[in-house]
Amino acid sequence: MQTTLEPTKVPTSDISLPTSQKLRIVIVGHVDHGKSTLIGRLFHDTNSLPEGKVEQIRKASELEGMEFEFAFLLDALLEEQAQNITIDTTQLPFRTEKREYVIIDAPGHKEFLKNMVTGAASADAAILLIDANEGIQEQSKRHAYLLSLLGIRQIVVAVNKMDLVGYRQERFEKVRSDYTEFLGKLGIVPQHFVPMSAKLGLNITQASPELAWHKGPAILEALEQFQISAPPDDLPLRFVLQDIYRFDERRILAGRIETGSLQVGQEIVFWPDGKSSRVKSIEEWNAPEPPTSALVGESVAITLEEQIFVERGDIGSAPDHGPAEGREIHASLFWLQNDPLPLNVPFTLKLGTQSVEARLVEITRVLDSSTLEPLAGNPGIIHKNEVADVRIRARKPIAFDRHDRISETGRFVIVTGKRIGGGGIIREAEYQDEKRLAGAAENLTWTVSPVTRESRAENFGHRGAVLWLTGLSGSGKSTLATGLEYHLHRRGIFSYILDGDNLRHGLCANLGFSAEDRSENIRRAGETARLMAEAGLVVICSLISPFRADRDNVRKICQRDGIPFAEVFINAPLDVCEARDPRGLYKKARAGEIKEFTGITSPYEAPLAPELELRTAEHTLDNTLLDLTHFAVELSRIPEPQIAEELARGAGI
Amino acid sequence: MDHLDQLEAQSVYILREAYHSFSNLCMPWSMGKDSNVLIWLSKKAFCGKIPYPVLHIDTTYEFPEMLEFREWARKEYDLDLIVKINEDARAGRGSYTQSVGYETHDPVTVTHELKTVALQQVMAERKFDALITGIRRDEDPTRAKERYFSPRNAEFEWDYKDQPPEFWNQFTTAIEPGEHIRVQPLLDWAEVDIWRYIERENIPIPTMYFARPGEDGKKYRFRSLGCWPITKPVESTASNISEIIAELLVTKTSERAGRAQDHHERNAMQKLRAKGFM
Ligand SMILES: Nc1nc2c(ncn2[C@@H]2O[C@H](COP(=O)(O)OP(=O)(O)OP(=O)(O)O)[C@@H](O)[C@H]2O)c(=O)[nH]1
Ligand SMILES: [Mg+2]
């Protein structure tokens with residue numbers, strides 16, 4: 001390397017290259033198989049190293065007591081050189097007479113899989129490199145699997161270190177047939193298998209006599225056959241919204257066209273909400289004149305005709321062929337982080353610019369990505385370097401695509417703590433247009449998806465329910481109701497008390513105490529409770545409600561609509577209630593001042609099969625309240641039969 | 001889209017993600033070619049308005065022409081410009097027992113004190129949570145391992161042995177208090193891409209990049225601009241951008257060959273960068 005401060009001489013020439021896109025190639029494979037050496041060789045043998053580089057590498061190799069290590073071109077960190085291992089991925093520009101490349105070196109050590117994925121995810125094509133002597137190893141398989149998940153289809157297999165196996169063709173053929181079989185299971189068909197020696201520079205830029213039996217291309221020739229993998233032109237529009245700027249009076253929507261194209265004047269629909277407007281303009285600073293259209297890959301800024309509510313994360317599409325939307329996705333996931341990913345623990349899911357809290361609700365299967373064998377049993381957790389098929393549920397609806405349809409909006413990452421822990425691709429998606437084609441939806445206009453009871457429950461984190469507390473005056477209904485409401489409130493469960501006495505001040509003010517009026521009183525309370533539960537609240541009804549028929553009627557009202565209903569019998573003997581007599585009502589009733597007083601002058605029909613019975617005369621208030629709270633929390637829990645099943649199996653029950 | 005369009009689109013995407021993710025963003029600006037491309041891309045990303053301050057770490061060893069350019073650009077682009085000098089180091093006061101400068105110290109030390117430490121001082125004063133830098137992968141092998149969004153701890157250290165994964169345009173945007181993120185939108189650009197883009201967009205740059213006669217009668221130009229005592233020109237006749245591009249396509253000299261601090265000792269750049277240099 002230049003250490004002198006003297007001016008350096010630069011030759012001049014008038015060669016120029018077209019500015020076509022650069023082809024990105026990643027080199028992957030098992031640790032120590034020679035990936036970095038191959039890249040170093042490639043640069044060296046195509047005369048692409050800057051002046052002084054060879055000298056610098058020679059010095060570094062000597063200092064580490066090694067022969068000349070081509071890998072040190074990439075393994076530039078002292079730690080990498082000392083251990084002769086690649087820690088992190090490197091990208092280097094490279095050019096041949098034909099075109100320009102970016103060569104990406106990836107580490108082969110299992111520990112650094114996150115760095116391998118970081119390097120490989122942006123590649124158009126890959127070289128899977130295998131040591132002829134060691135043959136197929138753990139990462140040879142795992143890396144191949146990850147390439148298939150990353151959607152990299154163009155693959156060449158380099159069989160390296162042929163010098164160590166005496167250049168024998170049988171050895172090469174053995175690796176070729178073993179690996180072909182494995183890759184076949186992943187649907188990968190390599191374009192070529194190339195025998196080579198990175199260290200000695202054989203079959204790198206041209207055919208070598210030692211490997212004359214190989215009829216296919218040398219590595220460089222194989223590279224030149226790769227194609228840029230751009231998304232097809234005919235994909236529908238996906239405009240991923242990054243931000244909304246209001247630097248002046250304009251409201252500018254900034255984002256990228258991941259697929260398709262966009263024209264001024266066209267209708268654009270934003271998902272997951274489905275609000276639509278027209279594109280009024282495409283804004284571009286310093287443009288000779290404002291553009292009227294924008295193409296795939298462009299980062300653009302647009303304004304809309306009508307001011308609709310859109311926000312970062314939204315995906316814009318044409319009215320037809322919008323993305324799927326929903327709360328649940330089925331995906332294949334790879335996990336890179338040391339801490340495993342368990343079922344039901346919230347994380348952040350990022351897809352496009354959407355960022356939403358989500359969790360795994362089902363792990364269908366976990367694969368050992370180095371063997372493709374499903375792990376035995378059902379672990380209920382995904383460990384580092386494993387891949388799994390999962391079902392994920394988000395806190396709110398998101399817009400997405402099936403990965404094989406539109407990969408840009410069909411993949412996501414999972415963030416736990418402050419770091420990306422893994423990624424996934426979406427396997428299934430139900431599209432509106434497909435549903436329509438199947439004749440499922442008659443209505444051709446795009447309607448806002450209805451807010452359902454389930455979606456409300458998801459927002460609240462629990463479902464609505466009715467707890468009907470019945471019992472004699474003085475049995476403890478009001479005390480328990482207020483206590484319960486407090487405890488539910490503390491747990492973040494939204495609840496409300498409907499109290500018989502309170503209702504009589506308003507909703508039921510026109511009712512008296514005749515049998516008929518009592519019935520009507522209960523009916524109104526029941527209907528109100530049902531509505532409130534429908535809205536998502538846990539409704540605590542505290543009414544004497546002495547007649548079985550009336551209570552059964554409320555039960556029917558609720559159950560008809562699928563609202564969880566529980567009759568809670570607050571049971572205390574009449575003499576205890578009368579002794580308590582908190583408001584002096586028994587005394588008045590005994591004195592004949594109150595007519596038709598339940599228990600004294602009017603009957604109380606005790607429940608025959610209450611969901612819960614609390615004997616307040618036999619237990620302390622604290623204990624009773626605890627039982628009631630547990631019961632209420634369970635009743636309001638969103639049912640997850642699948643999860644329950646998984647957990648039961650995971651626990652070996 | 002050609003290659004430059006693609007690079008531009010990706011850089012704009014990154015700038016917008018950064019602006020969304022951080023509340024107190026700043027863009028260091030050296031007035032060099034890469035820095036000026038960053039200014040240009042920022043203008044594009046935000047429709048003509050650069051919504052964050054621009055920071056010049058002034059080592060006091062700046063070429064006078066660069067300072068002139070700084071004033072011109074500040075007005076031209078309507079920049080919210082912060083100029084920062086590590087005054088204590090230059091004056092030899094505060095925690096310094098002696099004035100730090102190229103006259104008395106080696107280039108690695110001076111670079112660290114006058115650039116990295118100056119940056120730390122500004123960060124302590126202004127509490128920026130992210131810095132947009134103009135580094136590129138092809139500049140040096142440790143930069144070749146960088147991420148678009150690269151965390152630095154409170155001591156400014158780069159944990160190059162355990163970088164977070166980054167793929168599918170999902171970036172590390174969450175940080176602990178005291179940490180910051182280096183946002184590096186030009187990582188994918190090669191030196192020649194920078195020039196092609198400057199040419200295509202007609203971006204103003206300091207004239208020192210173009211060849212002019214030296215005292216010995218030969219012609220020289222600067223390929224990379226740093227402090228004048230340690231930045232040497234290369235011999236070149238390239239007097240306009242297309243000649244520079246032609247020159248780059250055949251040169252075998254690395255871009256930073258003329259920057260002394262890079263070559264002071266084995267892996268000098270790794271050591272500088274691990275401690276917070278850009
Ligand atoms: N004999 C022989 N040795 C080789 C060949 N290619 C590489 N090596 C040696 O194999 C060792 C590992 O090479 P690297 O290039 O560092 O391997 P790598 O695949 O990049 O390793 P990681 O990046 O750490 O996964 C080095 O000592 C190389 O010199 C080859 O063709 N023949
Ligand atoms: Mg390596």
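How many cavities of 30 Å³ or more does the structure hold? This predicted model holds 4 such cavities.

**Strand β8 of chain A**

**Pairing of β8(A)**

- Strand β9(A), residues 252-259, pairs with β8(A) in the antiparallel sense over 7 bridges.
- The two strands β8(A) and β9(A) form a hairpin, with 6 residues lying between them.
- Within this pairing, A:T259 of β9(A) is the bridge partner of A:R238.
- Strand β15(A), residues 315-317, also runs antiparallel to β8(A) and is joined to β8(A) by 2 bridges.
- In β15(A), A:I315 is the bridge partner of A:V240.

**The second largest cavity**

- The volume of the second largest cavity is about 90 Å³.
- From chain A, the residues A:K22, A:R24, A:Q91, A:L92, A:P93 and A:V102 line this cavity.
- From chain B, the lining includes B:R137, B:D138, B:L187, B:D188, B:W189 and B:A190.
- Strand β3(A), residues 90-95, supplies the largest share of the lining, 3 residues.
- By class, the lining comprises 6 nonpolar, 1 polar and 5 charged residues.

Notes
Residues are numbered from 1 along each chain as its sequence is written. Chains are lettered from A and ligands numbered from 1 in the order in which they are written. This is a predicted model: local features need pLDDT of at least 70, side-chain atom pairs count only at pLDDT 80 or more; totals for chains, interfaces and linings use all residues. Side-chain values use heavy atoms; hydrogens and water are left out. Two strands pair if DSSP finds at least two bridges between them. Helices (H or I, at least four residues) and strands (E, at least two) are DSSP runs, numbered from the N terminus. On a 1 Å grid over the protein atoms alone, a cavity is a set of points where a 1.4 Å probe fits but cannot get out, and a pocket is an open set with protein on both sides within 12 Å along at least five of seven lines; lining residues have an atom within 4 Å of a point. Grid points are joined across faces, edges and corners, and a volume is the space filled by probe spheres set on the points. Ala, Val, Leu, Ile, Met, Phe, Trp, Tyr, Cys and Pro count as nonpolar, Asp, Glu, Lys and Arg as charged, and the others, Gly among them, as polar.
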